[in-house]
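Welcome! Keep the picture open while you read.

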Amino acid sequence: MAVIRVRRAFWPLVLSLSVAVPLLSALQFWGFRGGDPRAWDFDPDARAEFQFVRYAYGSGRDGERWGRRRGGWRTDWPDAEYHLTNGISRLTMIDTAYGGRFFDPMDEELFDYPWVYAVEVGRWYLDDQEAARLREYLLRGGFLVVDDFHGSYEWAGFASSMNRVFPDRSIVEIPETDPLLHTLYDLDHRTQVPGIQYVWSGTTWEDDGYTPHWRGIYDDSERLMVAINFNMDLGDAWEHADTPEYPESMTALAYRFAVNYVIYAMTH
């Protein structure tokens, strides 16, 4: 009888574990575990010509470096990475790693990657040390794409940290003749790429960000170091590539910009 009681108790335990272990793994994957955010890489051992890298900045509200894992820099993750890296593989001959990686502003490994993406930069904060490190990365050949910030208030937040990065360099409008806009696709029209709110609101703008701007910062050789997508949300367009309600034309345009950014970063 003792053996029967043990067996009867054993199977509910097995059933509970069969449910709990996958659930725990899912919770860990989606950010409920602590530690270094680079543990969330899709394939940390991947080696390819191009890898999607996010810039894991802090803000004025969450300045502790690894305490920022729920910060705005993670917006649109992981779907933006999934869709965009697959798109780059389909649309180009670039050997592209699936998914993406995360790096802190002070991480030395950042210098191994020519392209880095920062989202919702209207709320970022770079201290003097982080600003100096980003300046070094960019002057040594790195390329930064910033995206998904809107209106005068968020522009001021972005510019405050960027002025610490380059106090002696101006932010300018990217001219239509710039090689960036013709690297693969000729991007000679300035259509505002909206966030997902367009689906239910019908408006392409947020806050007072009515007019889209493609701005940048250049080095002394006229190489574009920072591509600034202001009053736009390319990340949402990548993330919602499979959302039927989101306009296909906007996703296609956002993909073209991303492909040009990647090729430019790898060739300039």
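Let us begin with a charge and a ring: Arg215 lies over the face of Trp155, at 4.7 Å from the ring centre. There is another case of this kind, in which Arg256 sits over the face of Tyr185, 5.7 Å from the ring centre. Please remember while looking that this is a predicted model.

**The overall plan**

How many helices and strands does the protein have? There are seven helices and seven strands. Read from the N terminus on, the elements follow the order α-β-α-β-β-α-β-α-β-α-β-β-α-α. The protein has 268 residues, and 50% of them count as buried. Its accessible surface comes to about 13000 Å², with 54% of this belonging to carbon and sulfur atoms. Among contacts with a separation of 6 or more, 75% are between residues 24 or more positions apart.

**Aromatic rings**

Searching the whole structure gives 24 aromatic pairs. In one of them, the ring centres of Phe50 and Trp115 are 5.3 Å apart and the planes stand at 80°, so the pair is edge-to-face. Phe50 belongs to strand S1 (residues 50-55) and Trp115 to strand S3 (residues 115-119), so this pair ties together parts that are 65 residues apart in sequence. Are these two residues buried or exposed? Phe50 has 1% relative accessibility and counts as buried, and Trp115, at 0%, is buried too.

Another pair joins Trp124 and Phe158: their ring centres are 5.6 Å apart and their planes are at 20°, so this pair is stacked. Trp124 is found in the loop between S3 and H3, while Phe158 is in helix H4, so the pair ties together parts that are 34 residues apart in sequence. Ring pairs also link Tyr55, Tyr57, Trp124, Phe149, Trp155, Phe158 and Phe230 into a cluster.

Here are the relative accessible areas of several residues from this tour.

| Residue | Relative accessible area | Class |
|---|---|---|
| Phe50 | 1% | buried |
| Trp115 | 0% | buried |
| Trp124 | 4% | buried |
| Phe158 | 0% | buried |
| Trp214 | 2% | buried |
| Asp242 | 61% | exposed |

**A closer look at helix H4**

Helix H4 covers residues 151-165, which makes 15 residues. From its first C-alpha to its last it reaches 21 Å, close to the 21 Å expected at 1.5 Å a residue. Which of its residues are buried? They are Gly151, Glu154, Trp155, Phe158, Ala159, Ser161, Met162 and Val165. The buried residues of H4 pack against helix H3 (128-139) and against strands S4 (143-147), S6 (213-218) and S7 (224-230).

**The nonpolar cores**

The largest nonpolar core has 38 residues. Those with the most contacts inside it are Trp115, Phe143, Leu180, Leu224, Trp238, Phe257 and Tyr261. The elements giving two or more residues to this core are S1, helix H2 (79-91), S3, S4, S6, S7, helix H6 (234-239) and helix H7 (248-267). Which element gives the most to this core? H7 does, with twelve residues.

Leaving out residues up to four places away in sequence, Trp115 touches Phe50, Gln51, Phe52, Val53, Tyr137, Phe143, Val145, Tyr261, Val262 and Ala265.

Trp214 lies in strand S6 and counts as buried, because its relative accessibility of 2% is under 20%. Not counting residues up to four places away in sequence, Trp214 touches Val172, Glu173, Ile174, Arg190, Thr191, Ile228, Asn229, Met232, Phe257 and Tyr261. Its C-alpha atom is separated by 9.1 Å from that of Asn231, 17 residues apart along the chain.

Asp242, in contrast, is exposed, with a relative accessible area of 61%. Where is Asp242? Its place is in the loop between H6 and H7. The C-alpha atoms of Asp242 and Asp79 are separated by 9.8 Å, although these residues are 163 residues apart along the chain.

Technical notes. Residues are numbered from 1 along each chain as its sequence is written. This is a predicted model: local features need pLDDT of at least 70, side-chain atom pairs count only at pLDDT 80 or more; totals for chains, interfaces and linings use all residues. Side-chain values use heavy atoms; hydrogens and water are left out. Helices (H or I, at least four residues) and strands (E, at least two) are DSSP runs, numbered from the N terminus. The expected span of a helix is 1.5 Å times one less than its number of residues. Buried means under 20% relative accessible area, exposed over 50%, partly exposed in between (1.4 Å probe, protein chains only). Contact means heavy atoms within 4.5 Å. Rings of Phe, Tyr and Trp (its six-membered ring) pair if their centres lie within 6.5 Å; planes under 30 degrees apart count as stacked, over 60 as edge-to-face and the rest as tilted. A charge sits over a ring if NZ of Lys or CZ of Arg is within 6 Å of the ring centre and within 35 degrees of the ring normal. Accessible areas come from the Shrake-Rupley method with a 1.4 Å probe; for residues, only the protein chains shown count as cover. A nonpolar core is a set of buried Ala, Val, Leu, Ile, Met, Phe, Trp, Tyr and Cys residues joined through side-chain atoms within 4.5 Å.
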